[in-house]
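Welcome, and please open your viewer. We will walk through this structure one selection at a time, beginning with the whole chain and then turning to single residues.

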Amino acid sequence: MITPEVSWLAIFPELILAVGAAGVLLVDVQWRPRHRILGLFTAGVLLAATGFTVVQWLDVASIVETGGATDLLVFSGMVLMDPLAVFGRLALLLVTAVGLVAGWGLITTLGRRGAEAIALVLLATSGFSLMISANNLVMLFLGLEVGSIALYVLAGLTREKLGSDEAAMKYFVLGSFASALFVYGVALVYAGTGHFQLTEIRSFFAGLIVAEPAVILIGMALMIVGLGFKISAAPFHSWAPDVYQGAPAGIVGYMAAMAKIAGFTALARIFLSGFAEFDASWVPLLAAVSALSMLLGSILALVQDDVRRMLAYSGVAHAGFIMTGVVGGETSGVMFYVTIYAIQLVGAFAVISAVSGPGGSASSIEQYRGLGARSPGIAAGFSLLLLGMAGLPLTAGFAAKFGVFSDAWAAGEEWLVIVAVVASVIALAFYLRVIVAMYMEDETADGPYVPITVRAVVTLAVLATIVWGIFPGSLLNLTSDAFPL
């Protein structure tokens, strides 16, 4: 009997997060501490996971430099500890920390149930972290489900609000359907190649010419549909506006950002690593999804009267923008873009939670009229984040878009870049619409109460947008090594 290779150190950050989630619940049940104590405990868990991930980054870098690539495969090849996995973990942990700070008002509002929210956040991060480091498609699916189920529950965390219940139900039903399509696609790929591991699938395509690839093509298409749902790419985006609007404002930014990071990292790993030799089949499909997402998301965002629904359709457009980097065949631009966008998204929803309340389920543009006079600081921060999402020069959004568009152009997808530029111009209009409402409309009402946690998150997001816009090399130097093995 061949015993499986076990390397607990490779998944130690995920273990820390999972044990930390259980610890939060046990501490809350046993001692019923104040939220401040739970916050300190959670901060310790995240710091421990981040510290160990940094150590992993140094170890992986040394292994890559010495050429021992096979040493990065652990758990009998089911987990791949390459730079892409470690960088993705760091991005997930950063967004988790920022998302918890932004949503702390919601956690305190929930009272005794605040510990449940923290535990769900840690479990979601643990699942998505395992997902992005998986070399085995079944392992990837398990990580996807652990993270997704936690997000379904988070969407309906405020049970007393009908909008939250509706958001959770739609997210759960459509998410389950998408997961079923993904796992069916995995089964078809296994039927066509005989392998679950991405490194072996790549070797299969490199060494053989598949004469009748129909089963493999259908399997790849189904996996694209499944992951397309997670990243809210068109036409698999129908859940996003309702969930963004109905879920608690304090946690939506975290939910959306985590799904984007995990989904695009997995998409890049599957198709730029496992199916790299089969790119003539999947590149046109991803390019079509990218173009549809950019145009549909930008156009539909123009007609929205709710800021949260506008950001949902904006997320559809951004999914298309990021996907141009995958079509271009480079992970560096993809990881740079998705990291920047995730931080901006958490910051934007932190502002929304201050304006409409951490547990609110609506955010009409009328609420933002005159915000520039009522709360100048928070309005200025929100404006800079929106301009960064629009991709204006000297913001990180511009550097991110320039990177993925350049990759797509170099790959011969000039038409896709032209569509992306047109969609970017359209997108600028709806971002400016919110800014105009904040500064060009008179409003005499008092400004909203903005907690110190929200101010800290918005400040961090604005600094990231400006600093990485003017000096993008500080982050690009890290993402340039985040390649799929």
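## The whole chain

Colour the charged side chains to begin: the protein has 20 positive and 29 negative ones, and the centres of the two sets lie 13 Å apart. Please keep in mind during the tour that this is a predicted model.

Now switch to a cartoon view. The secondary structure comes to 20 helices and two strands. With 485 residues, the globule rule gives a radius of gyration of 23 Å, and the protein has a value of 21 Å, close to that, so it is as compact as a globular protein of that length.

Next, show the surface. The accessible surface comes to about 18300 Å², and carbon and sulfur atoms hold 69% of that area. Of the 485 residues, 60% count as buried. How much of the contact set with a separation of 6 or more comes from residues 24 or more positions apart? Such pairs account for 82% of those contacts.

## Stop 1: inside helix α7

Select residues 162–193, which make up helix α7, and pick out Ser179 within this helix. Is Ser179 buried or exposed? Its relative accessible area is 3%, so Ser179 is buried, the cut-off being under 20%. Show the side chains around Ser179: leaving aside neighbours within four places in sequence, Ser179 is in contact with Phe141, Glu145, Tyr152 and Lys230.

Stay in the helix and select Glu166 and Lys170. These two form a salt bridge, with the closest N and O atoms 2.9 Å apart. They are four residues apart in helix α7, so about one helical turn separates them. Both partners are partly exposed: Glu166 has a relative accessible area of 42%, and Lys170 has 29%.

## Stop 2: salt bridges across the chain

The count of salt bridges in the protein comes to seven. One of them joins Asp82 and Arg269, where the closest N and O atoms are 2.9 Å apart. This pair links distant parts of the chain, 187 residues apart: Asp82 sits in the loop between β2 (79–80) and α3 (83–102), while Arg269 belongs to helix α11 (residues 249–274). Asp82 and Arg269 are both buried.

For another, select Arg433 and Asp305, whose closest N and O atoms are 2.8 Å apart in their salt bridge. Here too distant parts of the chain are linked, as Arg433 lies in helix α18 (residues 414–439) and Asp305 in the loop between α12 (279–302) and α13 (307–328), 128 residues apart. Arg433 is partly exposed at 32% relative accessibility, whereas Asp305 is exposed, with a relative accessible area of 51%.

## Stop 3

Move to Phe196, in the loop between α7 and α8 (198–207). Phe196 counts as partly exposed, with a relative accessibility of 27%. What is in contact with Phe196, leaving aside neighbours within four places in sequence? The list holds Asn135, Asn136, Leu137, Val138, Val186, Tyr190 and Ile201. Select Met78 as well and draw a C-alpha to C-alpha distance to Phe196: the two are 8.9 Å apart in space and 118 residues apart in sequence.

## Stop 4: backbone details in two loops

Go to the loop between α9 (214–230) and α10 (239–246), where Pro235 lies. Zoom in on the bond between Ala234 and Pro235: this peptide bond is cis, with omega about 5°. The loop between α9 and α10 also holds Ser232. Phi of Ser232 is near 55°, a positive value in a residue other than glycine, and Ser232 counts as buried at 1% relative accessibility.

Finish at Leu394, in the loop between α16 (376–390) and α17 (396–410). Leu394 has a positive phi of about 70° although it is not a glycine. Is Leu394 buried or exposed? With a relative accessible area of 63%, Leu394 is exposed.

Technical notes
Residues numbered from 1 in each chain as written. Predicted model: local features only at pLDDT ≥ 70, side-chain atom pairs only at ≥ 80, totals over all residues. Heavy atoms only, no water. Rg over C-alpha atoms; globule rule 2.2 N^0.38 Å. Buried < 20%, exposed > 50% of the residue type's maximum accessible area, 1.4 Å probe, protein only. Contact = heavy atoms within 4.5 Å. Areas by Shrake-Rupley, 256 points an atom, 1.4 Å probe, with all protein chains shown as cover. Lys, Arg positive; Asp, Glu negative; His and termini not counted. Charge placed at Lys NZ, Arg CZ, Asp CG, Glu CD. Salt bridge = Lys/Arg side-chain N within 4 Å of Asp/Glu carboxyl O.
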